[in-house]
Every structure is written in C-alpha cells, then in structure tokens.
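This report covers a two-part topic: the arrangement within one chain and its meeting with another. The sequence and structure come first.

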Amino acid sequence: MFNIVIVGVGGQGTLLASKILGQLAMNNGYDVRVSEVHGMSQRGGSVVTYVRMSNDTPLYSSIVEQEQADIVLAFENLEALRALPYLKADGTMVVNTQQILPMPVITGATKYPEDCLDRVESAAKTIKINAVDIAHECGTYRAANVVLMGVCAKMLPFSAEEWHKAIEQCVKPKFLDVNINAFDRGYNFK
Amino acid sequence: MKKLLLGNEAIARGAYEAGVRVSSAYPGTPSTEINENVATYPEIYSEWAPNEKVAVEVALGAAVSGARSLACMKHVGLNVAADPFFTATYTGVNAGMVVVVADDPGMHSSQNEQDTRMLARASHAPVLDPSSSQECKDFLKLAYEISEKYDTPVILRVTTRIAHARTLVELEDRIELPLREYTRDIKKYVSMPANMIGRHLYVEEREKRLAEDANTLSINKIEWADRKIGVITSGAAYNYVKEAMPNASVLKLGLAYPMPKKLIEEFAKGVEKLYVIEDMEPFYEDTIKAWGIECSGKELTGVQGELFARKIAAKFEGAEEAGPMNTQGIPARPPVLCPGCPHRGLYHVLGKLKLTVCSDIGCYTLGALPPLSGVDTCVCMGASIGMAHGMEKARGHAQAKKTVAVLGDSTFCHSGLTGLLNMAYNRSVGTVIVADNSITGMTGHQNNPANGYDIHGEPTTALDIVKLCEAMGIQHVRVVDPFDLKELEKVVREETEREELSVIISRRPCALIVKQPGVSFVCDSEKCRNCGMCMRIGCPAIRKTETGVAVDPTQCVGCGLCAQLCHFGALNPEA
C-alpha cells in the first residue's frame with residue numbers, strides 16, 4: 001500500500017498528477033482512492049490531493065492523515081513545510097523549489113519563512129528539484145507536474161513504460177511528447 | 001469495464017445507466033460535476049437552471065409526465081428548492097425522480113454545515129447515503145426503483161469526500177425505458193387542501209411501509225466481527241470506521257431515512273457496546289436513543305467538521321490523538337481573486353468610498369479578505385439585495401447613500417431578481433451593483449441565463465439585465481467597465497448619492513475566460529517610490545521588494561489596474 005499526498009497552490013496542476021497516479025495504479029491491478037479539491041481553494045489557495053493505492057490491504061478512506069504518507073509531492077516550498085506532518089517517519093518529501101507568495105505575505109501581514117526548505121530538509125528525507133525550469137526546457141513550464149511524477153516514479157513499483165502509458169491516457173495527444181520528455185527528465189534526475 | 005471515477009462522475013454515469021431522460025441543476029460545490037458529466041451523455045436532456053427551485057420543478061414535471069428525471073444541487077440549494085420538494089413528496093411521481101444533494105462537512109466551500117438527512121426527514125423523502133463511487137452509481141439506480149415503487153421523489157445524499165473522491169467503478173449498459181403513460185390525476189397532482197389531505201395519509205402509510213422494508217433492504221447490512229463493539233454508520237464515516245476500528249461489528253445504513261428499526265434492534269442486541277458514528281448531526285443517534293436503545297457518538301466527537309479515521313480511533317478506541325497539522329509560523333494561503341479579475345477594481349473603488357457592502361455568494365465574496373477587506377455581509381444567494389434594502393428601511397436614506405448591494409450575474413439570475421423587484425416596488429433609494437463577469441465563476445465556469453450560452457456551450461437567448469431593470473421601473477441603470485477606475489468611481493459616487501433606486505452593471509468577462517492582451521507589466525525601479533499604492537488592490541502578481549515593487553511575469557495577465565493606481569508612471573507594459 002502506498003499513501004501519497006500532493007500539495008500545491010490552486011492552478012498549479014496538482015489534479016493532473018493525481019489523475020496520472022490513479023490511472024497508473026488502476027492499470028496495474030491496484031485498488032485506488034483519490035481525493036481531490038474542487039471549488040473555492042482552487043482560486044490560488046492551498047490545495048491538497050490524496051492518492052492511496054493498494055494490492056494487499058483493503059482501502060476504505062480516500063484521505064491520508066498525519067504520519068501516514070509514504071511520499072509528499074510538494075509543488076511549492078511553503079506548501080512542503082505545511083505538509084510535513086503528513087509524512088511517515090521514513091517517508092520522502094519531493095519538493096519543486098518554487099516560491100509563490102500567499103496574500104498575507106504580499107500585504108505584509110506576515111513574512112514568508114526564508115528557511116522553509118531548511119526546515120523541511122532537517123525534518124525529512126527530501127528531494128529538491130527545480131521542476132519549473134526543467135519543464136520549461138521541455139517546452140512548457142506547465143509540465144512541471146509531470147517532471148515531479150518522474151521523480152516520484154523511482155519510489156513506486158511500476159516501470160517507466162507503465163508510467164508512459166498512464167501519461168498517454170491522461171494528457172491530450174498534442175501535449176504527449178512534451179509530457180513524456182518532462183517525465184523522463186524527472187525520472188533521470190539525480 | 002472498470003473506470004476510476006469521481007463520485008459525481010459515477011452519479012452521472014448512474015443516471016445514464018438508469019435510463020434518465022431529463023436532468024436539471026444549478027452549480028454548487030461539491031455537486032457541480034454531476035450535471036457537467038450528465039451533459040456528456042446525448043441520451044439525456046440536461047440544462048443549467050437559474051436556481052435549484054426551478055431545477056426540482058423541472059425534474060418533477062418530467063417525472064410526472066413519465067420520464068425518469070434528476071435534479072442536482074449543493075446542500076443549501078435544497079433550501080431554495082424546499083418549496084416544491086416538500087409538496088412533491090405528497091404528489092409523488094410517475095416515473096422515478098431523484099434529487100442529488102451534496103453536503104459539505106468541514107465547509108470546504110460552503111457557508112454552513114447543514115445536514116440534508118434532516119430536511120429529508122422533514123419532507124418525508126427517503127434518502128440514500130453512499131460510501132464510494134461504485135455505490136454512488138448503484139444507489140442512484142436503486143433510488144429510481146424506490147422512487148417508482150413507493151411513488152415519491154428520493155434524495156441521494158453525498159458529502160464532499162464522496163463526491164470528490166475517485167474510486168473504481170464497474171460500468172454497465174444503459175437501460176432504455178419507454179416513457180410511462182401520463183394521465184390527468186387531479187387528486188394526486190393538484191395540491192389543493194382537499195386533495196393533499198388524502199395524499200398526506202398516503203405519505204404516512206408509504207413511509208411506514210418503506211421503514212418496514214428497510215429492515216431487509218440490501219444496502220442496509222450488518223458486517224459481524226468482534227461483538228464487543230458495534231458501530232452504526234453510513235457514507236464517508238463508514239470508510240473511516242472500517243479503517244479505525246477494523247475489529248468492530250458494523251451496521252452500514254445505505255438507506256439513511258427511514259431507518260430500519262428491527263435491524264437496528266437486532267444489531268444492538270448482538271453487541272456489548274453500541275456506537276453511532278456519523279458525519280454532521282446526530283441524526284441516527286437521536287432516533288436510536290428515542291427508541292430506548294443505549295448508544296453514544298456525538299458527545300465524543302461534536303458536530304462540527306469532518307470525521308477522520310484517526311479522530312475516530314482516538315475518540316472511540318482510545319488510540320493516540322493525531323498530531324496537529326502544525327501551522328505555527330507558517331503563513332496561511334487563503335484563496336484570492338485571480339490576477340486580472342474584474343471584481344478587484346470594483347472592490348477597490350467601494351473601499352475607497354468607504355461604503356457598507358452587502359455582498360453575496362460567488363468569487364466576489366473573496367473581496368472580504370485583506371487587503372481589500374471590502375465586504376460587510378454575505379449570507380446566501382441573493383441576500384445582498386434584501387439586506388441592503390433592510391438596512392435602508394431601518395436606518396433611512398442616509399444609510400442608503402453609503403450602502404451598496406453587490407452580486408454576480410449568475411447569482412442575480414438565481415435569486416436577485418425578486419429582491420430587486422421588491423426594492424423597486426417598495427420605493428427604495430438604494431444602489432445595486434451587478435458584478436457581471438458573464439459566467440458562474442467560483443464553481444468552475446458554468447454558463448448561465450445572462451451570458452447567452454447553454455450547458456453545451458451553444459448560443460441561446462441571453463437575459464438583458466438593463467432592459468429587465470427598466471421593465472421593473474428602475475430609472476437609473478448604468479453599465480460601466482470595472483477596469484476604468486475613474487469612471488467606475490464617478491458612477492458609484494453619483495448613484496449612491498442619488499435619492500432614487502439605481503442599478504450599476506459592472507461588466508467585464510472573467511479573466512479566466514477572456515484572456516487579456518497577455519503583455520505583462522513591469523516596474524521601472526527608477527520611477528517607483530515604493531509607496532504601496534499598487535499593493536492596495538491585493539493582486540497576487542505584485543510584491544514589494546527593498547528597491548520597489550516587482551511584477552511576477554508568470555502571473556501577470558496585463559490588466560493594467562496597478563498602473564492606474566501608480567502616481568509616478570512606474571508600472572508599464574513590458575516593451
């Protein structure tokens with residue numbers, strides 16, 4: 001069983017990531033539960049998506065709770081810090097090193113914690129990647145989510161071919177090449 | 001074939017498979033995707049209705065005339081639709097009719113945490129409560145059978161975690177049902193007192209019959225395990241109970257109302273300690289206690305918020321409480337108006353003029369958050385107009401001169417029209433602002449009667465709000481572009497000052513629908529005095545640095561609102 005939490009800012013493409021994970025797990029005979037966020041938070045707020053997959057124990061809840069996540073996939077630094085409590089003691093944080101200022105920071109009501117990533121790294125096994133730049137090199141910064149999928153792939157028991165197939169099932173044909181490319185870049189990231 | 005479907009997609013699929021012919025809905029989180037997906041099946045006529053009351057009436061008309069029908073809404077939508085619904089349970093149906101109502105425990109995207117099961121009981125409607133996407137589909141199909149067998153509209157109630165969770169669903173074929181014959185039946189369908197006395201007696205008899213049948217209904221089932229602890233549960237709570245208390249015996253209620261008394265008594269007798277674990281109100285618990293059966297539940301969890309597995313394990317099994325989601329020192333990230341949002345200019349002007357703002361339900365409610373902080377009240381769809389009018393009648397014309405009602409185009413169509421008519425009729429001197437962005441924004445961009453497109457995106461008749469206001473006898477109706485801050489301010493000043501009723505239509509399409517020129521603005525640090533004027537509009541694309549403001553080119557859509565506020569000409573389109 002794998003519990004994955006995907007966190008980011010509304011509009012960053014977290015829903016495509018959970019869709020690919022769900023499709024992949026289903027293709028490989030796993031039971032799957034995905035919990036998505038629609039509605040108000042999508043307007044630039046914090047968004048959290050849960051993905052659970054299992055081929056042994058039965059799944060009921062679609063929620064991953066504190067200290068239950070094998071992997072947290074964070075699309076933004078501050079959201080990585082916020083999501084730390086989800087991780088199991090031996091869980092892995094994958095973080096896209098991007099900074100998006102929340103409104104209370106913009107208005108000056110509070111400060112963006114500059115030691116954000118240090119705090120994350122000292123608390124958990126962490127993989128940092130600038131997925132936006134890599135995605136940009138592949139053709140569009142929008143594919144940052146798929147770059148992160150590539151990093152995540154190393155921690156899950158599915159072959160790169162299976163990942164490619166799941167991506168193909170989830171993205172529009174005209175964006176397939178750029179997404180496959182983005183995935184491979186993440187997959188080969190060291 | 002199996003597919004990974006959202007609960008809401010599974011409901012739409014269920015409608016297709018059940019042979020539904022007509023579906024009507026008003027968007028509302030977490031229900032919106034149901035009708036959006038129904039619209040992808042050409043076999044079903046689907047539409048966005050102006051509000052939930054209309055949707056239920058449409059579904060009732062279709063069902064009475066012989067077609068299986070569907071209406072969908074969020075929990076508060078059922079309040080709007082309560083009028084037809086509470087009598088539809090008396091008239092009954094002909095072909096099956098189901099109303100899907102989506103509750104929002106935890107208030108992810110809602111103004112309250114009301115529990116639809118309470119309204120179902122008050123209206124004597126059966127209600128089903130699924131726990132997965134597969135059950136969403138299966139229960140919907142069963143709901144049509146119950147509707148036809150017991151001659152009543154039926155509620156399928158989902159909660160956010162069911163509606164917006166993807167789980168595996170086995171797809172089946174559609175059953176094509178012929179239209180049932182329609183014959184005039186005055187005693188049944190004409191709700192005059194003499195007729196409805198008879199129908200009320202029928203409702204009572206039918207409900208007793210269904211409550212009896214519920215004892216053997218397939219979706220009410222006991223899962224015997226260790227008998228030390230027994231749990232009665234349903235919906236999302238069932239999933240959490242199964243994870244938190246894997247050894248407990250469970251009675252899962254698929255039919256939440258009416259409740260199966262004999263089955264519950266049998267279960268209670270078979271276990272040493274009985275818990276009732278349910279989201280929201282102590283709906284089952286109160287009834288079970290009233291039957292004289294000892295049980296506990298809500299005194300351990302309270303009614304506010306969602307139940308999760310770890311909370312249940314802690315409260316009922318004595319497990320360690322989950323650690324807090326430690327947010328100390330981590331700035332919150334509330335939702336914001338998007339870059340280029342037309343509502344931003346409007347709230348900037350209303351704030352500058354220090355007006356009391358009775359706002360409404362929609363994206364523009366976000367104008368309540370800092371730095372705009374420009375909303376005094378927001379209660380329900382359409383309340384902006386009624387409340388502004390009430391303030392005027394309580395406090396006089398002086399109050400009206402410093403008060404405006406603000407609501408969007410979709411909300412105006414939903415429940416603003418009658419409030420405005422009331423203002424016109426009862427000699428108001430107030431000012432109503434329709435923030436017309438030509439779409440239903442917050443729920444993810446659904447068309448509405450004012451934007452000229454139907455659920456499929458096909459052109460149709462568009463409501464002319466200006467002509468409508470004129471037809472109500474309103475003399476002062478003005479249309480203004482909220483990106484023209486000077487003109488907008490002038491118009492708002494004039495119309496609030498005027499001792500007559502006026503309507504201002506602040507018109508510009510949603511920034512996510514009609515893209516701006518796309519040229520990002522940049523700040524000239526030579527000219528920028530870092531005065532903070534441009535920061536007042538709360539644009540997520542602008543931030544302050546030591547040397548002046550900086551515009552994030554990945555977020556800026558080039559609306560130029562910031563440049564209008566800059567006294568020093570520091571903000572300009574990128575060359």
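## Domains of chain B

The centres of domain 2 of chain B and domain 3 of chain B, taken over C-alpha atoms, are 46 Å apart. Chain B is assigned domain 1 (2-215), domain 2 (220-317), domain 3 (342-507) and domain 4 (521-573), with bounds from an automatic or database domain assignment.

## Basis

This is a predicted model, in which local features need pLDDT of at least 70 and side-chain atom pairs count only at pLDDT 80 or more, while totals for chains, interfaces and linings use all residues. Residues are numbered from 1 along each chain as its sequence is written, and chains are lettered from A and ligands numbered from 1 in the order in which they are written.

## Contact between chains A and B

In chain A, 41 residues are in contact with 43 residues of chain B (C-beta atoms, placed from the backbone, within 7 Å). Strand 2 of chain A gives the largest share of the chain A side, 5 residues; helices (H or I, at least four residues) and strands (E, at least two) are DSSP runs numbered from the N terminus.

Strand 2 of chain A runs antiparallel to strand 8 (residues 165-170) of chain B, and 3 bridges join them (pairing takes at least two DSSP bridges). Val34(A) has Arg166(B) as its bridge partner in strand 8 of chain B.

## A helix pair in chain B

Lys53(B), Val56(B), Glu57(B) and Leu60(B) of helix 3 of chain B meet Asp83(B), Pro84(B), Phe85(B) and Ala88(B) of helix 5 of chain B.

Technical notes. Contact = placed C-beta atoms within 7 Å.
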